[in-house]
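Work through the exercises below with the sequence and the structure side by side. Each task is followed by a stepwise solution.

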Amino acid sequence: ILLRIPDELSRFCKVASHDDILDLLETTDRSYIAVKASRKGCLNSALFCEQLLEWLEQQYPNRLRVFEQTPVSLVDLRVTHALSKTEQGNIISDYVVLCTNGFENIELKNEIGVDINGRFHEKLEGTIGYMTAYVSEENQPPTAISYFEPKHSSRLDPYVYITRRPREEIQNSTKTTAHNLICIGGPEITLEDKSIYDRHHHEYPQEAIEKTTAFIQKTFSAEQQTGTFDFTWHGLMGYTTNGVRLIGFEPCNNHLLYNLGCNGVGILPSIFGGLRISRLISGELLPPSMFDVNDQRCMLPE
């Protein structure tokens, strides 16, 4: 392979041994033969979101209201505003930002133009993702690593990913020990009907536990994890058919916007999306982006 690299490009290449690659991947599995490195962020994103909301409530008490456990069943888009219907009542707003990860059971009604509801749901494919986590006695620096099997041919194919970050120190009678929290995701199933997922009653399958355990024992060591996890959870993930997230105004009614909302490995893209959404709502004219929502039936004016 090295002989095929042109001389003018050889200065951009560096020969690495197989052991170097395995070391970067932190694995003993020699079936992995390549690694791609990039900058990533790793944090307790759930805690980060909670602290961010607390800060916003303190800084802007007259501008922010938080309503948890208030699912929206219908977003009624009108000429001058949007109306969101919930069991607790209706919410009138200038804009509605719809998270494309949490589209379940939400109907979109557009009173001033073509149908949005059918097109939106047709462009999104739902999957249930299963996560596990356990506390390790190791005390290693944070990391985020994705692992792709040989049969992985498309970025839309399932893969396994892990994050590692510090966990609070645990004190016992003799010493204080630092620990890591290891989170693993990968097993997933595709939803044929997006409305059938109920996160409160959906059972965590034993098959997902077995797949994750098998991955750990194959990729790291048989002794590292025995199938007992401290945490297990699942959630609905929404992907567009081409895998590109939607960020921006709905062309058929600009009272609706789309954004990625993910507090897992997608926390940094979510922050990027939130910044772009806020700039759009404030009236700033932004250059075109690959994340823009396009609809040939009703494009926004220049």
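**Exercise 1. Is Glu-111 buried, partly exposed or exposed?**

The model is predicted. Start with the cut-offs: buried means under 20% relative accessible area, and exposed means over 50%. Glu-111 has 43% relative accessibility. Glu-111 therefore counts as partly exposed.

Next, take its salt-bridge partner. The side chain of Glu-111 meets that of Lys-109, at 3.9 Å from N to O. Lys-109 has 39% relative accessibility, so Lys-109 is partly exposed.

**Exercise 2. Explain why the pair Glu-26 and Arg-164 ties together parts of the chain**.

Begin with the count: the model has 9 salt bridges. One of them pairs Glu-26 with Arg-164, with the closest N and O atoms 2.7 Å apart. Glu-26 lies in the loop between α1 and α2 (45–59), and Arg-164 lies in strand β8 (residues 160–171). These positions are 138 residues apart in sequence, so the pair ties those parts together.

Now compare the two ends. Glu-26 is partly exposed, at 34% relative accessible area. Arg-164 is buried, at 6%.

**Exercise 3. Describe the lining of the second largest pocket**.

First, the volume: about 830 Å³. Then the lining: 25 residues, of which Leu-25, Val-35, Lys-36, Ala-37 and Ser-146 are the closest to the centre.

Sort the lining by class. There are 14 nonpolar, 5 polar and 6 charged residues.

Finally, trace the elements. Both α1 (18–25) and β7 (143–147) supply at least two lining residues. The largest share, 5 residues, comes from β7.

**Exercise 4. How many disulfides does the structure hold, and where does Cys-183 stand?**

The count is 0. For Cys-183, the nearest cysteine sulfur belongs to Cys-42, 7.9 Å away. The cut-off is 2.5 Å, and Cys-183 is in no disulfide.

Cys-183 is buried at 13%, whereas Cys-99 is partly exposed at 26%.

Definitions and conventions:
Residues are numbered from 1 along each chain as its sequence is written. This is a predicted model: local features need pLDDT of at least 70, side-chain atom pairs count only at pLDDT 80 or more; totals for chains, interfaces and linings use all residues. Side-chain values use heavy atoms; hydrogens and water are left out. Buried means under 20% relative accessible area, exposed over 50%, partly exposed in between (1.4 Å probe, protein chains only). On a 1 Å grid over the protein atoms alone, a cavity is a set of points where a 1.4 Å probe fits but cannot get out, and a pocket is an open set with protein on both sides within 12 Å along at least five of seven lines; lining residues have an atom within 4 Å of a point. Grid points are joined across faces, edges and corners, and a volume is the space filled by probe spheres set on the points. Helices (H or I, at least four residues) and strands (E, at least two) are DSSP runs, numbered from the N terminus. Ala, Val, Leu, Ile, Met, Phe, Trp, Tyr, Cys and Pro count as nonpolar, Asp, Glu, Lys and Arg as charged, and the others, Gly among them, as polar. A salt bridge is a side-chain nitrogen of Lys or Arg within 4 Å of a carboxyl oxygen of Asp or Glu.
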